[in-house]
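Here's a quick briefing to read alongside the sequence and the 3D view. Have both open as you go through the points.

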Amino acid sequence: MIKIYPSILAANFMNLAKEIDSVSKEADGIHLDIMDGVFVPNLTFGFPLIESIRNYTDTYLDAHLMMIDPDKYLERFAKYVSSITVHFEAVTHLHRIISKIKDLGCDAGVSLNPHTPISFLEEILPFVDKVLIMSVNPGFTGQQFLDLTFDKVRKLRDMAQKKGYKTEIIVDGGVSVNNIKKLYDCGANTFIVGASIFHSSNPSLAIKELKKVVESFE
Ligand code: DX5
Ligand code: ZN
């Protein structure tokens, strides 16, 4: 099944409940971008908002941790979210962190910055549920999609297929109706979409259109 997780980083935070409502029928989950101002040059939000979102909706909450030392906070994230993805570049003991995320009852993911090769995943792949390939440099919504992503998605799909792993392959950053088909053909099965939904004049219509496009692939 192909999934779309809207990223609320692109939403209007003064209107967050309404923004979530506008996509909740079509969305397969909500993507939460947690930035620490150290690993990436931006700050976003933390537990007070995540807890409020958890109390507001039953949907799958997909946390993307763009932060150093995520291990300090895993228990707290696990109280609210269904899935935790950490950055390959931000942690030293990735296997230990992935095991801890699983022990806490969450899906576990690893994310790669645009310059980080897929080959670095070879040993960790059997332990993760998902790999999130950054198709922009992490930090901001609304950036230009990087074409180098297509090849990385293909390489990951081939690596997973060869070993028989059912890894969820996620693309995050600059995803739109213009590149989603090619990304799917390369092997991606989950799409994080921020600006193309929330910066459009009608987010509800924008996600409906994206869903219609991906449903035509299957
Ligand atoms: C960027 C974030 C993304 C971002 C995607 O660092 O990880 O989730 O919100 O948003 P768009 O679709 O606007 O590029
Ligand atoms: Zn993200």
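Helices (H or I, at least four residues) and strands (E, at least two) are DSSP runs, numbered from the N terminus. Keep in mind that this is a predicted model: local features need pLDDT of at least 70, side-chain atom pairs count only at pLDDT 80 or more, and totals for chains, interfaces and linings use all residues. Residues are numbered from 1 along each chain as its sequence is written, chains are lettered from A and ligands numbered from 1 in the order in which they are written, and side-chain values use heavy atoms, with hydrogens and water left out.

**Tyr60 and its surroundings**

- Look for Tyr60 in the loop between H2 and strand S3 (61–66).
- Leaving aside residues up to four places away in sequence, Tyr60 touches Tyr5, Asp28, Gly29, Ile30, Ser82, Ser83, Asp107 and Lys130 (contact means heavy atoms within 4.5 Å).
- With Asp107, there's a side-chain to side-chain polar contact at 2.6 Å (a pair of N or O atoms within 3.5 Å; within protein, one must be able to donate a hydrogen and the other to accept it, and residues adjacent in sequence count only if both atoms are side-chain atoms).
- Tyr60 and Tyr80 sit 20 residues apart in sequence, and their C-alpha atoms are 9.9 Å apart in space.

**H1 against H2**

- H1 and helix H2 (residues 47–56) pack at about 45°, with axes 12 Å apart (axes are lines fitted to C-alpha atoms, for helices over the stretch in contact, and angles run from 0 to 180 degrees between N-to-C directions).
- The two helices, H1 and H2, are therefore oblique to each other (under 35 degrees counts as roughly parallel, over 145 as roughly antiparallel, 65 to 115 as roughly perpendicular and the rest as oblique).
- On the H1 side, Leu16, Ala17, Ile20 and Asp21 make the contact, and on the H2 side it's Leu49, Ile53 and Tyr56.

**H1 against H8**

- Helix H1 (residues 16–24) also packs with helix H8 (residues 203–215), at an angle of about 30° and with the axes 8 Å apart.
- That angle makes H1 roughly parallel to H8.
- Here Glu19, Ser22 and Val23 of H1 meet Pro203, Ser204 and Ile207 of H8.

**Ligand 1**

- Ligand 1 has 20 residues around it, and Gly139, Thr141, Asp172, Gly174 and Ala195 come nearest (a residue is near if one of its heavy atoms lies within 4 Å).
- An oxygen atom of ligand 1 is 2.7 Å from a side-chain N or O atom of Asp172.
- For the side chain of His31, the distance from an N or O atom to a ligand 1 oxygen is 3.4 Å.
- A polar backbone atom of Gly194 lies 2.8 Å from an oxygen atom of ligand 1.
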